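This report examines aromatic pairing and helix packing in the structure shown below.

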Amino acid sequence: MRIEADLKLGFKDVLIRPKRSTLSSRSQVSLERTFKFRHTGRTWTGIPIMAANMDTVGTFAMAGALARHGLFTAVHKHYPVEEWETFAAARRTVGQDHLLANVAVSSGILDSDLDKLNRILERCPELACICLDVANGYSEHFVQQIGKVRAWHPDKIIMAGNVVTGEMVEQLLLSGADIVKVGIGPGSVCTTRVKTGVGYPQLSAIIECADAAHGLSGQIVSDGGCTCAGDVAKAFGAGADFVMLGGMLAGHDEGGGEILEQDGQRRVRFYGMSSRTAMEKYSGGVADYRASEGKTVSVPYRGPVEETLKDILGGLRSACTYVGASQLKELTKRTTFVRVSEQENPVFNE
Ligand code: 5GP
């Protein structure tokens with residue numbers, strides 16, 4: 001046993017210190033970034049915020065809404081191959097040529113998962129990005145499966161995770177990933193930290209993993225733990241190339257979640273992809289050898305996602321103006337975090 005005594009921080013432990021700036025309006029801030037990927041040499045341009053591959057968040061409808069603003073969607077893995085075909089064909093009729101550039105098709109790493117992934121990519125060759133998602137990205141088997149997928153699809157952008165430490169980011173990048181998903185335990189409906197005691201504070205995970213990835217010309221996506229637009233700004237400030245959101249995008253029409261009526265209020269069911277609810281829906285229940293590591297909750301119904309997006313992007317632009325970053329790309333360089341023991345003033349919180 002060993003104890004690491006270095007300080008590790010989460011979003012709640014810091015604020016971004018304001019800096020002198022020549023920007024006079026947040027409308028002068030560009031949130032677009034262009035990335036070139038290490039294995040494919042492909043480039044992507046857009047606002048690097050993405051919907052999580054959860055079945056009430058990363059849906060086809062969400063992908064359509066987010067792509068209109070240049071944002072990305074990791075589409076969940078439970079759509080049948082035929083629905084992918086319809087989705088890919090429909091984008092021509094709705095005139096969203098960039099839609100398929102802004103979605104990833106998600107997959108687990110069982111042979112049956114990869115077989116389905118290959119069938120989707122065969123029928124929808126325009127899809128550019130694959131999201132290989134496992135709860136624990138530290139297994140040797142995961143590394144081998146990434147290598148296989150890279151060999152099969154040399155021209156696709158591969159996003160893989162989740163991990164939280166630099167050495168494993170390097171391993172996944174060297175094995176074939178272009179983007180590494182970072183985050184174990186911070187998610188809004190995740191119970192990994194309570195069920196297993198395993199995890200890593202997200203802000204420190206971002207700082208350490210971004211450093212490792214950038215050294216190898218790779219990217220990271222900070223996955224999980226953002227509760228407000230300020231956290232998204234902190235994630236980018238810490239060095240994240242992309243930020244993935246689950247809970248912050250839950251409760252909208254595009255997620256297609258079940259709408260519930262509680263005490264006269266409309267709410268939407270939201271659950272983790274390893275929750276009992278998800279396992280019963282897709283795997284016929286929780287297998288004897290495992291525990292569910294996700295919650296099932298209900299969130300207020302919030303209508304179309306459009307307003308929420310404006311709110312998040314507005315907050316992020318404002319964060320950039322506070323530190324004088326005219327482009328999102330400059331935010332990390334211009335960020336100094338201050339450690340704090342308070343965040344918002346709670347006096348009027350309900
Ligand atoms: P959020 O933005 O809601 O805080 O976090 C979203 C992320 O939580 C997802 O992208 C995924 O990595 C993680 N997640 C989703 N469902 C589960 C689950 O059931 N268990 C765990 N441990 N993590 C989950």
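How many aromatic pairs does the structure hold? In this predicted model, there are 7 aromatic pairs.

## The pair of Trp-44 and Phe-242

Trp-44 and Phe-242 form a tilted aromatic pair, at 5.4 Å centre to centre and with 45° between the planes. Trp-44 belongs to strand 3 (residues 43–46) and Phe-242 to strand 11 (residues 242–245), so the pair ties together parts that are 198 residues apart in sequence. Both Trp-44 and Phe-242 are buried.

Trp-44 and Phe-242 are also members of one aromatic cluster, together with Phe-35 and Phe-72.

## The pair of Phe-60 and Tyr-79

The ring centres of Phe-60 and Tyr-79 lie 3.8 Å apart, and because their planes meet at 15°, the pair is stacked. This pair links distant parts of the chain, 19 residues apart: Phe-60 is in helix 1 (residues 60–67), whereas Tyr-79 is in the loop between strand 5 (72–75) and helix 2 (81–93).

Phe-60 is buried, its relative accessible area being 14%. Tyr-79 likewise counts as buried, at 12% relative accessibility.

## Packing of helix 7 and helix 8

The axes of helix 7 (residues 202–215) and helix 8 (residues 229–238) come within 8 Å and cross at roughly 30°. Because angles under 35 degrees count as roughly parallel, helix 7 is roughly parallel to helix 8.

In this contact, Leu-203, Ile-206 and Ile-207 of helix 7 meet Lys-234, Ala-235 and Ala-238 of helix 8. The contact residues comprise 5 nonpolar, no polar and 1 charged.

Conventions:
Residues are numbered from 1 along each chain as its sequence is written. This is a predicted model: local features need pLDDT of at least 70, side-chain atom pairs count only at pLDDT 80 or more; totals for chains, interfaces and linings use all residues. Side-chain values use heavy atoms; hydrogens and water are left out. Axes are lines fitted to C-alpha atoms, for helices over the stretch in contact, and angles run from 0 to 180 degrees between N-to-C directions. Helices (H or I, at least four residues) and strands (E, at least two) are DSSP runs, numbered from the N terminus. Angles under 35 degrees count as roughly parallel, over 145 as roughly antiparallel, 65 to 115 as roughly perpendicular and the rest as oblique. Contact means heavy atoms within 4.5 Å. Ala, Val, Leu, Ile, Met, Phe, Trp, Tyr, Cys and Pro count as nonpolar, Asp, Glu, Lys and Arg as charged, and the others, Gly among them, as polar. Rings of Phe, Tyr and Trp (its six-membered ring) pair if their centres lie within 6.5 Å; planes under 30 degrees apart count as stacked, over 60 as edge-to-face and the rest as tilted. Buried means under 20% relative accessible area, exposed over 50%, partly exposed in between (1.4 Å probe, protein chains only).
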